[in-house]
Amino acid sequence: MKKVIALIAIIIVLASCSKDQDPFEWNKDRVGHLTKNMKVFQLDSIYANDSIVRAIKGDEFSNGANQIEIFEKGGAHLLTLTPSEALDSTATIENIIIRDERFTTLKGINKNSTYNEISTAYKISSVDNMIDDAVVWVNEENFYFTISKDDLPTDVKFDISASIEKTMIPEDTKPLYMFVSW
């Protein structure tokens, strides 16, 4: 009888542990099947059913050659990955650009979310003024996003030294790009 109870307990534990990872779940330690400690060489097995576009050897000094693009077989651009070292298969993934709106955080945020939705779900830690865009930081979750300065007031739009306050960003502004940085 004890063996039957132990066997049932093991089956229940195994059944509860076998939950498949959502391929589009995004949190501070994971983007889909990618985790912060994964190596570049592991991408081939993770995205075996998708297309991986890598840098061409010899282009490591040209702009963007370090990036790895992930596309679905149907053509949808999923992610852009930047390894910690160019052309090193043992390097880890350092930065990720979320390209597909299906990648969603547990709080329901994706690349089509508005500034209001993001700032309601997460604490915005700071906003940096760049040449064409503003970078909005959500440090507690290891992600940040850019917004167009065209959406900002004129007094900060053309002055790179001007400070951008969180309240200056219109609530309906959508990110241009969403980044995860490990």
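Mentor: We can begin with the largest pocket, which has a volume of about 160 Å³. On a 1 Å grid over the protein atoms alone, a pocket is an open set of points where a 1.4 Å probe fits, with protein on both sides within 12 Å along at least five of seven lines, and lining residues have an atom within 4 Å of a point; the volume is the space filled by probe spheres set on the points, which are joined across faces, edges and corners. This is a predicted model, in which local features need pLDDT of at least 70 and side-chain atom pairs count only at pLDDT 80 or more, whereas totals for chains, interfaces and linings use all residues. Residues are numbered from 1 along each chain as its sequence is written, and side-chain values use heavy atoms, with hydrogens and water left out.

Trainee: Which residues lie nearest the centre of the largest pocket?

Mentor: Of its 13 lining residues, these are Pro-23, His-33, Tyr-47, Asp-50 and Leu-78.

Trainee: How should I read exposure, and is Asn-49 buried or exposed?

Mentor: Buried means under 20% relative accessible area, exposed over 50%, and partly exposed in between, with a 1.4 Å probe and protein chains only. Asn-49 has 64% relative accessibility and therefore counts as exposed.

Trainee: Which residues touch the most other members of the largest nonpolar core?

Mentor: Nonpolar side chains tend to be buried together in soluble globular proteins. A nonpolar core is a set of buried Ala, Val, Leu, Ile, Met, Phe, Trp, Tyr and Cys residues joined through side-chain atoms within 4.5 Å; here, among 38 residues, they are Leu-79, Leu-81, Ile-96, Ile-98, Phe-143 and Phe-145.

Trainee: How do strand 10 and strand 11 pair?

Mentor: Strands are DSSP runs (E, at least two residues), numbered from the N terminus, and two of them pair if DSSP finds at least two bridges between them. Strand 10 and strand 11 are antiparallel, with six bridges, and Asp-133 has Ser-148 in strand 11 as its bridge partner.

Methods:
Helix = DSSP H or I, 4+ residues; strand = E, 2+ residues; numbered from the N terminus.
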